[in-house]
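Let us learn to read a protein model, one feature at a time. Keep the sequence and the 3D view open.

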Amino acid sequence: MKRIVIVFMLLLSTLSYAQKGTIRGTVFDDHTGETLVGVTVVLKGTHTGTITDLDGKFTLKVDPGTHDIQLSYISYQTLTIDEVTVKSGEVTVLNNLSLKEASIELEGVVVTAKLVRNNEAALQILKKRSTGMLDGISAAKIDLIGDGTAVEAAQRVTGVTVVDGKYMYVRGLGDRYSKTTLNNVDIPGLDPDKNTLQLDIIPTNLIDNMVISKNFTADLPADFTGGLMNIEIKDFPERKIFNVSVGTSYNPDMHFNADYLTYDGGSTDFLGFDDGTRALPSEARQSNIPSPFSGHPQEEVTSFINSFDSQLGAKRENSFIDYSFSMSLGDQIDLNKSENSASQSPKLGYIFSMSYKTDYKYFDEVSYGEYQNIDDPNVNGMRYATVQNGALGEQNVLVGLLGGLAYKNKFNKYRLTVMRLQNGQTRSGIFDVDDNGAATGQSGYIGLSHVLEYHQRSLTNLLLNGKHVINQTGWDIDWRISPTFSTLYDPDIRKTTFELNENKDPEFNAGSGGFPSRRWRELNELNATGKIDVSRSYEFQGQEAKLKFGFSHTYNNRDYEMLSYTVKFYGPERSFTKADPSLILQPENFYPNMPYSIAYQTDFNDPNSNEYNSNVQNTGVYLSNELSPLPNLKTTIGLRMEYYVQRHTGRDISYANGDIANGKNLDNDVVLESIDLFPALNLIWSIKEEQNLRASYSKTIARPSFKELSFAQILDPISDRIYNGSLFEYPDWDGKLVETRIDNFDIRWEHFFEGGQNISASVFYKNFKKPIELVRIRAQQTSTEYQARNVGDGTLYGFELEANKNMGFLSPSLEAFSISGNVTFVWSEIDMTDIEYQGRKEYEKTGENIDKTREMAGQAPYVVNGGITYNNMKYGLNTGLFYNVKGPTLLVVGTGLFPDIYTDSFHSLNFSFNKKFGEEQKATLEFKVSNLLDDTKYSYYKSYPEIKETYDLFNPGRTFSLGFSYKF
């Protein structure tokens, strides 16, 4: 009986506890924007209370009802929040509570609860008070707008351009000068040669904030110039998260299209990886594969041919619509159930997210062109070398998993986060080929080409993070360890090009379209980063100041290999009755059966010139100090040192072919080594409480990638364009690619208003020493080949106007409308090398006057972002129209025979509509229309006088998307 009574009392206690509600919040310093540790939070008029932890957060268990909350801290004004409503078993979140420094005249401040909910006050304070130039978006605003993924939220950040629906560029500068970090740690993306992370895989309900640093400070990595975006993942969700969403998209040009191109893959393609269907046969790695005259028995040769998939051609079938699914959950658990000391007790936080999406694309009018300048100065225009027109089908699968655990007590926090991304892409194309025999280096033929591709990529990232506040000393310590494992696997890429002879009979010839080929490409990379940041707060002349120093080390290691094979005709016959790839690999055509006698031959040597290992060791240390030498002036002076060493193991084609005397072979040799100092000076003059004038100077760097510092040759099978590593030497290139070093100067005036509104104007100047650009290789005239090279020094200057304004100042009836926009104009100039200048002069036209300067590759002359939104919180309605355009941008530097290549402006106009339903607005319906203007993506060759010819062309069409999500 006694036990029953005890169990009953415990159950009654538990039920009583469960009836309570929870108040959570974060407290900031109104002057610095930093969180405050040790703030006392109490129910007004009671002794029920708690204090904020090392993140400035508090948790308070209270009875259901309406309460007044009081916050107090030594030397700060007391803040009272009236009429905070708390429901049984639910969490009430008070966002962005800020305390002002105390004065003799003011002893207390009263703010109503609704004024501190769902706003960006903390981020606004951070932007206003930070010595660095920041822009960003908070979790509160993301939740208000209803964006589903990080890429959607990023488009709303000032100065950001989203490319290919997933990558972020800042101020019109390309990927080389933009950077993305996750939880303040370097993380490679699914494309290992990009600086920016694929943003469409991170759900916004797991994001705490997204902040872009537009200028360098010493605590940041030095390898960015345009901007660095950091995405911070939640570790302790303020409310319990259990969200499910589904979505679909429809493009009239692409979906339910009976002409869609594809081919038969494996049973796990829908999960983003190959099941082994496309795997390289084990015997294919032998130095002497089974083939005619190899010494292998005939049955082994036949068996080897049969070990390859016989599909060489694309087929047509109906395409489906895009669809997606995601789920996320998270919460924080008080490990000590004491009601009045919740934020002082240990807490456990957890998050988990799973996402899956598949999209289908079909382009029925795709064009790839290769053009040449005409050497006659009196003839304008260009001569085509090769033109391909056709259709391309693509299916893309992306699976994302993210999970995290976090533990914290009053002065310590530990976090473990794991992310896994899996991506599979199937591409199939059919193209008509027109090769012009009158062009330099071309054989001249008409052909039909089939291409089958599969690209498999994966990324696994782990973050272990600790944060420690040493009580009452002003010292903070933050350390992070983050390894990332990346793989890229392109199994069995197949290309078959029939030449159509004078009688239109399809055949194969080595001198024209070549023979059917197959390639396997594999890349494995480890990226491991460790860093520690230490800071100490102190006073300087009665003002707050902070000393910060730290250490970081990054180790990268990449293994790369490409193997290729050709279908060889050992018999006299090479023509077929029709251009059907399925006719080729028939058993009756295999060696030794005549008249085709087909077998495989290898296209690589042992050792393989298209195989390498590279590794990087990058060690950084920094010291910075933030202080206010004058009442209205804040400064940060910092210096960062990085010791960078890149080593390479690989060889060129000559060495692989046995020319040891003249060939090059590297065995873990140093290909890049430097010790650089990166100073950073940031000044902020507070003109008024809401106005700042900023100035900054810094040095940054852009380094070559593994691919660029290699002997690799990477072929795009569709366009037949080849990318060569920069270690290859040519008559106009010494094979020595080095870093780009940049001096950066920025001045900005900014005015802040309530509700996250602001207006700013900036001017900036950058000086580039030996910038790296993609150059068309002049010496390669029979094939289309490119290489990354250092070009002449360059300068860039421009100005930027930004505005984010609520329309209520015009009329109260327009309070729900907001406009935002920014426009950036940039002038760039590269001083050509003598070789480039002379090459251009050789093809100068009558009336043309070629200067020794040109614009910078990768830099847009202007970027415009604009949007108008309507937001009605009462009815849970948010809708907007958003526009973005980037000016024509030099993509590839041509010279002499080959013209420059530009990317044309793409006018992106998108519409979004979000509606939340229910009393608590837990259900959300989202509708979007992308590319309302139905603009076409177009890159072109440019010659005098403003003549354009197609480099590549495709139309993405309009896409209509519908999504539904529910918060349980």
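Q: Which residue stands opposite Y323 in β20?
A: Strands (E, at least two residues) are DSSP runs, numbered from the N terminus. Two of them pair if DSSP finds at least two bridges between them. Here Y323 faces T358 in β20. The strands β19 and β20 (residues 347-373) run antiparallel, joined by 12 bridges.

Q: How many bridges join β16 to β19?
A: Nine; β16 (residues 241-250) and β19 (residues 322-334) are antiparallel.

Q: How far can I trust the model?
A: This is a predicted model, where local features need pLDDT of at least 70, side-chain atom pairs count only at pLDDT 80 or more, and totals for chains, interfaces and linings use all residues. Residues are numbered from 1 along each chain as its sequence is written, and side-chain values use heavy atoms, with hydrogens and water left out. pLDDT is the predictor's confidence in each residue, from 0 to 100. Its mean over the protein chain is 87, and 91% of the residues reach 70 or more. Residues 1-18 fall below 50, and this stretch has five contacts (heavy atoms within 4.5 Å) beyond near neighbours in sequence. Residues 104-119 are also below 50, with 35 such contacts.

Q: Which strands does β40 pair with in the antiparallel sense over nine bridges?
A: That strand is β42 (residues 862-872). There, G821 has G866 as its bridge partner. β40 (residues 817-831) also runs antiparallel to β39 (residues 794-806), with 13 bridges. In that pairing, L796 meets S828.

Q: How do I read an aromatic pair?
A: Rings of Phe, Tyr and Trp (its six-membered ring) pair if their centres lie within 6.5 Å; planes under 30 degrees apart count as stacked, over 60 as edge-to-face and the rest as tilted. The structure holds 44 aromatic pairs. Take Y177 and F768: their ring centres are 5.4 Å apart and their planes at 75 degrees, so the pair is edge-to-face. Y177 lies in the loop between β11 (167-170) and β12 (178-182), and F768 in β36 (residues 758-769), so the pair ties together parts 591 residues apart in sequence.

Technical notes
Helix = DSSP H or I, 4+ residues; strand = E, 2+ residues; numbered from the N terminus.
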